[in-house]
Amino acid sequence: MKGLEVATERGTVLDGVIFDAENADTVVIAITGIHGNFYSNPFYFNIGDTLSANGIDFVYAQTNDAFGKIETYNAKTSAKEIIGSWNERFSYTDDDIGAYLDFAEKNNYKHIILAGHSLGANKVIHYLSGHHDEKKPEHFIFLSPANLTHMMENVTASEKEIIRRMVNYKQGEKILPFYFMGWVQCTANTAYDWISGALNNVHTEVDGDFNQIEKITHNGAMVIGTYDKFTRGNPANFLENINDHMKTSSENKLVFIEKTGHTYQQKEQEIADIILKIVEGWRQ
């Protein structure tokens, strides 16, 4: 594997890693979730090694929140930037994903598969909902999409009021006086994006807001562990409910990995083998 830098339209440079196979015509780009880096999600190594060993390139695609804080720079201004879950704006989502897709298109891959894990899957959903008429990427892979409503259940009404008040009084760039969701130190602007619903696009409820999901015209695959805790107890129903709201529901593949959770603990190679099988099926 080797380091990969992609520049967004706004200039921010994102760090990724490419596991490259010789003369590959197919690439899988995996958009990371919040704090979803190599250290917390070691399954990325298994996926990268497995795909590249079978002639498929794999891009581990960090977005703004792969770490709490990380240093980068702006390709347009050459200025240093500190990005992370502390100051991410969800309005960056399409720009971030577009930068990695631009890399893939410039390298003339015949087949481009866009994947995302956890909040990264929600970001892919957001992107595809606004780019549903484009031919590339050809397919999607949603890995354990994040149920944001469930994740934010412990955010109190008073905390939400503090967030809104700070944003309304032009203090959005200031750090919150508490940890958002009990574990994220971030600005009021970032927390506001979480509670505003921009990426809250998958739900356990049948009548949830599936507006973004319903716009997607690509087909693909969805994968989840049967112990995933972000689904209010029923991961299978969670994925099936998402799929039921998709135009391509009859074409999509749903995969349930037994006895593992949100990051596929103890099943890292199994998830890699599953993705390989799915992608090879699309190449035939």
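This is a predicted model: local features need pLDDT of at least 70, side-chain atom pairs count only at pLDDT 80 or more; totals for chains, interfaces and linings use all residues.
**Entry 1: the cores**

I started with the largest nonpolar core, which has 36 residues. I29, V59, Y100, L114, F142 and I213 touch the most other members. I then looked up which element gives the most to this core, and found helix α2 (residues 93-106), with 6 residues. Apart from this core lies another, of 29 residues, and I noted F19, L51, V255 and I274 among them.

Is β2 enclosed or open? I counted 6 of its 7 residues as buried, so β2 is largely enclosed by the rest of the structure.

Strand β1 (residues 2-7) pairs with β2 in the antiparallel sense, over 6 bridges.

Most residues other than glycine have a negative phi. N23 belongs to the loop between β2 (13-19) and β3 (26-31).

S118 is also not a glycine, and its phi is positive too, at about 60°. I located S118 in the loop between β7 (111-117) and α3 (119-130).

Which of these are buried, and which exposed? N23 has 72% relative accessibility and counts as exposed, because the cut-off is over 50%. S118 has a relative accessible area of 8%, so S118 is buried, the limit being under 20%.

**Entry 2: aromatic rings**

My search of the whole structure turned up 13 aromatic pairs. For F38 and Y44, the ring centres are 6.3 Å apart and the planes are at 85°, so I logged this pair as edge-to-face. Both F38 and Y44 are buried.

F38 has another pairing, with Y60. Their ring centres are 3.9 Å apart and their planes at 20°, so this pair is stacked. The F38–Y60 pair links distant parts of the chain, 22 residues apart. F38 is in the loop between β3 and α1 (43-53), while Y60 is in strand β4 (residues 57-61). Both F38 and Y60 are buried.

I then asked which residues form one aromatic cluster. The members are F19, F38, F43, Y44, F45, F58, Y60 and Y264.

Next came charges over rings. R10 lies over the face of Y92, 4.0 Å from the ring centre. K69 has its charged end over the ring of W86, at 4.6 Å from the centre.

**Entry 3: helix α8**

Last, I checked helix α8 (residues 235-244). Its buried residues are P235, F238, L239, N241, I242 and N243. What covers them? I found that the cover includes α7 (211-215), β9 (219-225) and β10 (253-257).

How values were computed:
Residues are numbered from 1 along each chain as its sequence is written. Side-chain values use heavy atoms; hydrogens and water are left out. A nonpolar core is a set of buried Ala, Val, Leu, Ile, Met, Phe, Trp, Tyr and Cys residues joined through side-chain atoms within 4.5 Å. Buried means under 20% relative accessible area, exposed over 50%, partly exposed in between (1.4 Å probe, protein chains only). Helices (H or I, at least four residues) and strands (E, at least two) are DSSP runs, numbered from the N terminus. Rings of Phe, Tyr and Trp (its six-membered ring) pair if their centres lie within 6.5 Å; planes under 30 degrees apart count as stacked, over 60 as edge-to-face and the rest as tilted. A charge sits over a ring if NZ of Lys or CZ of Arg is within 6 Å of the ring centre and within 35 degrees of the ring normal. Contact means heavy atoms within 4.5 Å. Two strands pair if DSSP finds at least two bridges between them.
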